[in-house]
Amino acid sequence: MMTSFLFRALDKNAALFLGLLTAIIVAVPALNLLLPPDHPLHVPTYAVTLMGKYLTYALLALSVDLVWGYCGILSLGHAAFFALGGYAMGMYLMRQIGTRGVYGDPLLPDFMVFLNWDTLPWYWYGFDMFWFAALMVLLVPGLLAFIFGWFAFRSRVSGVYLSIITQALTYALLLAFFRNDMGFGGNNGLTDFKDILGFDVQADTTRAALFAASGIALGLCFIICRAITRSKLGKVLVAVRDAESRTRFLGYRVEHYKLFVWTISAMMAGIAGALYVPQVGIINPGEFAPANSIEAVIWVAVGGRGTLVGAVIGAVLVNFAKTWFTAAFPEFWLFALGGLFVFVTLFLPKGIVGTVTDNWAKVSRRKHAVDERPGDTPSTRPAPNPAE
Amino acid sequence: MPYLKSLLVVLCLLILPAGSAHAQEDTESLRPLINELAGGGFSETEQQLGVLAATGNPGVVPALEALADGDLYARKSDGVVFIGERDGRVYKLTDPLTLEPAGEERRRDMKKIKVNNGLRRVIRTALGTLTLMAPDPATRLAAADAMFKAQDPGSIEALDLALTQETEPRVRRKMEAARAAAVLKSDKPEAVKLGAIATLEALGNRDALSVLSGFLPEAQGAEVPATETAMARIDKTLAAWGAAENVWYGISLGSVLLLAAIGLAITFGVMGVINMAHGEMVMIGAYVTFVVQEIIRTSAPGLFNYSLFMALPLAFLTAGLVGIAIERGIIRFLYGRPLETLLATWGVSLILQQAVRSIFGPTNQEVGNPDWMSGAFELGQMTITYNRMWIVVFSLLVFAGLMLVLKKTPFGLYTRAVTQNRRMAASMGIRTPWIDALTFGLGSGIAGIAGVALSQIDNVSPNLGQGYIIDSFMVVVFGGVGNLWGTLVGAMTLGVVNKFLEPYAGAVLAKILVLIFIILFIQKRPRGLFALKGRAVDA
């Protein structure tokens with residue numbers, strides 16, 4: 001059963017993607033660690049961290065694509081799950097600082113000492129253990145998504161309304177995490193991390209390992225998404241996306257399917273956030289900003305919604321462009337990003353991957369037709385698009 | 001003793017008929033009287049003070065104030081009196097009547113006019129009396145207020161005298177309160193004090209409460225229960241006013257929400273277009289105000305008070321044209337694909353923000369309040385600022401105007417027709433694409449004039465719109481999409497709920513609670529407070 005599940009998930013394209021990902025996971029840390037710094041092929045550590053960040057963004061994009069591309073739920077609040085995962089990891093990293101903080105308190109993080117708190121809030125218990133933090137990375141976003149989805153999908157809030165309340169959700173969390181009373185470091189968030197699992201977070205080897213971990217997480221989640229979308233469950237999801245009422249009338253419990261995929265997606269976003277935090281070294285309430293969630297959606301739109309590879313490509317491309325633009329022409333980045341939103345929705349509704357595969361299919365069909373019946377005019381009608 | 005002195009001063013005042021009216025004519029005639037202050041000991045000074053107070057002339061006030069502060073000096077050579085400020089080895093002199101600089105004098109050539117505590121008290125009473133009779137009501141009010149705070153039994157006579165002449169009701173009330181407060185501190189008989197308690201109870205504000213609670217430990221006999229009931233009543237009045245104040249703040253916040261959301265109620269509510277660039281339309285309106293004010297400042301500063309009236313049509317046109325451009329350029333290709341519209345308009349909002357940032361810079365721009373919008377007035381125990389009040393009025397006017405346009409004009413009729421049944425409207429000869437563009441322009445233009453109003457209470461920066469977009473969506477969704485009345489009720493409800501939560505939960509938590517409330521509310525009523533009914537709902 002499990003093998004067939006996996007087997008279905010791995011067709012040619014997926015195998016190609018995973019192969020490429022594996023090569024990157026092996027090559028980048030190797031080029032960073034094994035080659036001397038003056039070697040032309042040496043990858044500097046900052047680049048490893050940067051690419052590791054891209055990979056976590058790719059994972060976030062994957063989770064958005066799973067709900068938006070395959071189930072039609074446009075979430076404008078996925079950054080909330082990302083940030084919650086990040087905070088869970090950040091809390092672990094804070095507890096690891098121990099007595100090395102500015103105030104040297106063995107139990108309380110610096111900002112609590114600063115606020116004159118004398119005991120650790122109950123929700124910080126357990127975060128000194130990695131396994132507990134890792135569990136929370138999955139459980140906190142998962143539980144929030146489950147509760148939110150339970151109410152929203154059961155009362156059939158869908159489409160734009162759902163988008164707006166997901167935005168309200170992340171906005172409410174943004175405001176909440178800004179409060180010092182919440183006990184998450186308020187405005188400054190959690191930072192000044194020292195160790196992860198006993199390794200120095202600043203060390204090259206740790207950075208390389210985190211990069212590899214991000215790559216592996218991305219690969220695993222890709223396989224899971226692939227398995228879900230290729231299964232019968234995935235077909236029902238697409239049916240929900242394209243004709244929700246009809247699917248319901250056919251006897252499917254639409255809300256259960258939605259809830260399942262929504263919760264899984266939130267957990268993936270949480271993992272992405274958890275891997276993001278040790279690499280960038282800070283988590284603050286800014287990660288909850290509604291703009292971040294919308295940006296994640298545009299990554300998926302650029303790459304191609306409804307294609308898992310597209311989400312990954314979109315995230316990496318857009319973020320690479322962001323890095324380049326903000327360094328070279330800082331004023332124009334928002335123009336470029338805004339233009340990208342407009343351009344993609346108007347002219348590339350299927351995204352890069354979707355458009356390429358469509359054209360590919362068209363060309364090969366034409367070739368096929370030419371081979372079979374020479375002399376016939378090939379049909380120029382576009383392939384029916386299941387997404388509409 | 002001080003009692004007697006003040007009595008003396010007041011008596012001197014009484015001798016002079018109708019003290020203050022013709023006082024200012026001849027300040028110069030006061031000069032010899034002021035110069036007389038220099039002569040002799042404390043008792044002579046005191047007598048001379050009585051004479052000065054008896055003039056009833058406010059011109060002597062600076063000299064008396066300086067005297068109380070020990071800043072009044074006499075020149076040894078000719079005995080002329082000046083206000084002096086020590087500056088190294090010299091005194092900088094100021095004329096005590098005209099308040100103009102009068103050169104410098106070496107320190108040893110000047111003699112300080114000495115005062116003691118007894119004299120200071122006499123001066124204070126004299127000053128109080130003079131200011132209580134001042135021609136300017138604001139000065140009289142301030143004097144009465146100071147006496148209310150001081151609660152000096154010695155001021156009772158001065159107040160009684162002033163009350164005989166006072167005609168301004170506001171000042172009168174304050175004087176009565178000051179008198180009552182002073183009576184409570186005095187050794188008057190119980191009946192008089194009971195009257196004072198009643199006066200304070202009628203006043204019913206926080207100050208009266210603090211005076212009464214200060215008096216309670218000293219109260220005797222029948223005064224104790226009277227004070228207690230008065231305090232309880234004042235507490236009750238204050239609670240009622242507090243609630244009224246919360247409602248007012250809520251309405252004020254609601255009117256801001258209404259202004260921000262009402263344009264969205266057109267574009268999102270009526271047309272079904274998710275316009276994430278809506279906040280930027282508000283921002284454009286605010287920047288139009290800024291530009292108009294800049295032009296007025298440089299070319300015609302006299303027109304500044306009318307700047308908002310000029311900004312209104314310009315903001316409407318600018319934001320409306322930008323809106324039409326967005327509709328024609330982008331949104332019309334995306335009808336029927338709401339989620340894509342959402343993303344594209346978000347892109348537009350980023351571009352507009354960055355464009356404004358590139359043109360005007362990322363910092364806050366200064367937009368001034370015209371005179372008629374600054375200041376505040378008192379309504380019972382509440383202070384209402386004029387800018388908040390005008391914004392409430394303005395938001396309701398905009399709402400009414402929009403209702404009129406939609407219900408009473410041909411354009412409104414076409415809009416409603418296209419909204420309800422596009423194909424039918426098209427077959428009746430309505431140019432639906434035009435109506436789409438104009439309706440979108442209307443919604444954007446209204447956001448623009450909202451920007452003019454919001455520029456008066458918010459920072460005008462490129463991020464202005466971002467702060468309102470989520471709130472606006474909340475209001476529209478909460479009120480019910482496609483229903484303007486819903487938007488009105490929704491905005492006011494959210495505003496008032498928010499302000500009532502704030503005292504208990506704090507501003508941020510109140511906002512979070514409201515957001516959670518809306519999220520839960522949408523679960524219960526996915527179509528908002530006033531849902532459209534019928535077949536159109538699922539279309």
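In chain B, helix 14 is followed by Gly361(B), a residue whose phi is positive, near 90°. The structure is a predicted model, in which local features need pLDDT of at least 70 and side-chain atom pairs count only at pLDDT 80 or more, while totals for chains, interfaces and linings use all residues. Residues are numbered from 1 along each chain as its sequence is written, and chains are lettered from A and ligands numbered from 1 in the order in which they are written.

Helix 14 of chain B spans residues 338–360, helices being DSSP runs of H or I with at least four residues and strands runs of E with at least two, numbered from the N terminus. Its 23 residues reach 32 Å from the first C-alpha to the last, close to the 33 Å expected at 1.5 Å a residue, where the expected span is 1.5 Å times one less than the number of residues. Of these 23 residues, 17 are buried, and helix 14 of chain B is thus mostly covered (buried: 20 or more other C-beta atoms within 10 Å of the residue's own; exposed: 12 or fewer; partly exposed: in between; C-beta atoms placed from the backbone).

Helix 14 of chain B packs against helix 12 of chain B (residues 278–299) at an angle of about 20°, with the axes 9 Å apart; axes are lines fitted to C-alpha atoms over the stretch in contact, and angles run from 0 to 180 degrees between N-to-C directions. The two helices are therefore roughly parallel, a class that takes angles under 35 degrees, with over 145 roughly antiparallel, 65 to 115 roughly perpendicular and the rest oblique. The contact involves Gly279(B), Glu280(B), Met283(B) and Tyr287(B) of helix 12 and Ser349(B), Leu352(B), Gln353(B), Val356(B) and Phe360(B) of helix 14, contact requiring C-beta atoms, placed from the backbone, within 7 Å.

The largest nonpolar core has 191 residues, and those with the most contacts inside it are Ala61(A), Leu62(A), Ala168(A), Val297(A) and Ile298(A) (a core being a set of buried Ala, Val, Leu, Ile, Met, Phe, Trp, Tyr and Cys residues joined through C-beta atoms within 7 Å). Its largest share, 16 residues, comes from helix 3 (residues 45–71) of chain A. A second, separate core of 57 residues includes Tyr91(B), Leu93(B), Val122(B) and Leu130(B).

Asp192(A), although not a glycine, has a positive phi of about 65°, and its place is in the loop between strand 1 (190–191) and strand 2 (195–196) of chain A. Asp192(A) counts as partly exposed, with 16 C-beta neighbours inside 10 Å.

Technical notes: Contact = placed C-beta atoms within 7 Å.
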